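This report describes strand pairing and a helix contact in one model. Please consult the sequence and the structure shown here.

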Amino acid sequence: MKIAVVGATGLVGTEILKVLAERNFPVTEIIPVASEKSIGKQVEFKGKQFTVVGYEDAIKMKPAVAIFSAGGCTSLALAPKFAEAGIPVIDNSSAWRMDPTKKLVVPEVNADTLTVEDKIIANPNCSTIQMVVVMKPLHDKYKIKRVVVSTYQSVTGTGKAAVDQLFAERSGDEEVKKVYPHKIDLNVLPHIDVFLDNGYTKEEMKMTNETKKIMGDDSIAVTATTVRIPTIGGHSEAVNIEFENDFDLAEVTQLLSETEGVIVQDDPKNFIYPMPINAHGKDEVFVGRIRRDESQPKTLNLWIVADNLRKGAATNAVQIAEYLLSKGLLA
Ligand SMILES: NC(=O)c1ccc[n+]([C@@H]2O[C@H](COP(=O)([O-])OP(=O)(O)OC[C@H]3O[C@@H](n4cnc5c(N)ncnc54)[C@H](OP(=O)(O)O)[C@@H]3O)[C@@H](O)[C@H]2O)c1
């Protein structure tokens with residue numbers, strides 16, 4: 001099966017190639033697409049080199065699916081061209097996520113809504129994906145009323161240039177081109193994506209709005225504070241969830257440990273809890289610090305960590321492709 005990876009030279013694109021190889025997706029040929037400056041460059045997949053091409057050539061090569069991670073503007077411009085040629089697109093940018101005609105999919109939560117009609121499928125925001133994977137079984141059992149989340153997000157969430165800024169600052173190079181408005185090394189920025197008129201950032205409102213859409217329940221209230229920290233392994237989240245119905249803590253832990261794609265790491269006495277340094281390169285979502293909020297009833301505190309380039313982007317997109325394949329929805 002020919003697979004186009006649009007944005008193949010970027011952080012997420014590189015991870016998509018790794019995940020396709022690791023999960024043995026039945027790839028016969030990779031068609032790497034990037035910006036004009038990269039056309040002709042080589043990209044490696046399973047020890048073979050593939051040449052980066054422009055999007056027009058990629059469409060002519062008739063891939064079975066195109067996985068996009070090339071930014072919102074590129075997606076808005078190019079995804080419809082692939083879709084019109086009958087090539088399903090799985091898109092990592094925010095371009096199509098809240099379009100009511102497009103599905104926003106986390107396979108563990110709502111892959112069963114996909115049909116052959118879905119030619120552009122949106123991959124949610126990284127911080128939302130890891131949260132809803134954990135929330136879904138809890139919502140089904142106890143019904144979630146309200147979520148208060150604070151994030152601790154990796155610089156890898158901003159792309160290659162941000163990782164370069166962090167390491168340049170760490171090596172004493174203060175002249176590096178800044179992606180963030182402030183120094184990131186030895187700092188914490190309560191600011192991810194642009195500020196909106198309501199005082200929240202776009203990332204914060206993505207967590208609110210995308211959660212409702214993926215869970216298919218507008219009644220779930222979500223308030224978020226999203227924060228960038230100088231780490232590279234993944235995103236961490238402190239999540240406070242208020243339910244309609246009361247829960248048993250042991251049952252919550254049991255439920256989460258039986259949930260596909262979730263690994264419980266919760267043994268604080270032995271210093272076992274999720275951390276980005278351990279989540280790095282893994283496909284699962286890690287949850288720990290599972291405890292009752294003692295300030296009000298029917299409320300739970302959790303600490304959720306996942307590699308934003310994996311489950312937060314590449315793995316989720318490849319899992320969508322795997323679902324389409326398993327249901328005979330790929331040509
Ligand atoms: N990083 C994350 O955690 C994360 C998570 C979820 C979603 N995303 C989304 O995934 C996308 C990529 O993120 P990233 O972190 O991988 O960024 P990145 O490292 O900056 O990579 C961007 C990629 O897009 C390509 N590109 C840029 N303009 C293009 C064009 N006009 N046509 C074709 N390709 C073009 C670049 O090619 P060149 O190398 O030629 O410039 C590069 O391959 C963004 O939409 C981002 O919001 C990122």
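## Terms and basis

Contact is taken to mean heavy atoms within 4.5 Å. Helices (H or I, at least four residues) and strands (E, at least two) are DSSP runs, numbered from the N terminus.

The model is predicted, so that local features need pLDDT of at least 70 and side-chain atom pairs count only at pLDDT 80 or more, while totals for chains, interfaces and linings use all residues. Residues are numbered from 1 along each chain as its sequence is written, and side-chain values use heavy atoms, with hydrogens and water left out.

## Contact of H5 and H8

Helix H5 spans residues 126–142 and helix H8 residues 249–257; their axes come within 10 Å and cross at roughly 130°. That angle makes H5 oblique to H8. Axes are lines fitted to C-alpha atoms, for helices over the stretch in contact, and angles run from 0 to 180 degrees between N-to-C directions. Angles under 35 degrees count as roughly parallel, over 145 as roughly antiparallel, 65 to 115 as roughly perpendicular and the rest as oblique.

From H5, Val134, Pro137, Leu138, Lys141 and Tyr142 meet Glu251, Val252, Leu255 and Leu256 of H8.

Strand S12 (residues 262–264) runs parallel to strand S13 (residues 285–292), and 3 bridges join them; two strands pair if DSSP finds at least two bridges between them. Ile263 has Phe286 in S13 as its bridge partner.

S13 is also joined by 5 bridges to strand S14 (residues 299–306), in an antiparallel arrangement. Here Gly288 stands opposite Trp303 of S14. The hairpin of S13 and S14 has 6 residues between the strands, and in this hairpin Lys298 takes a positive phi near 55°.
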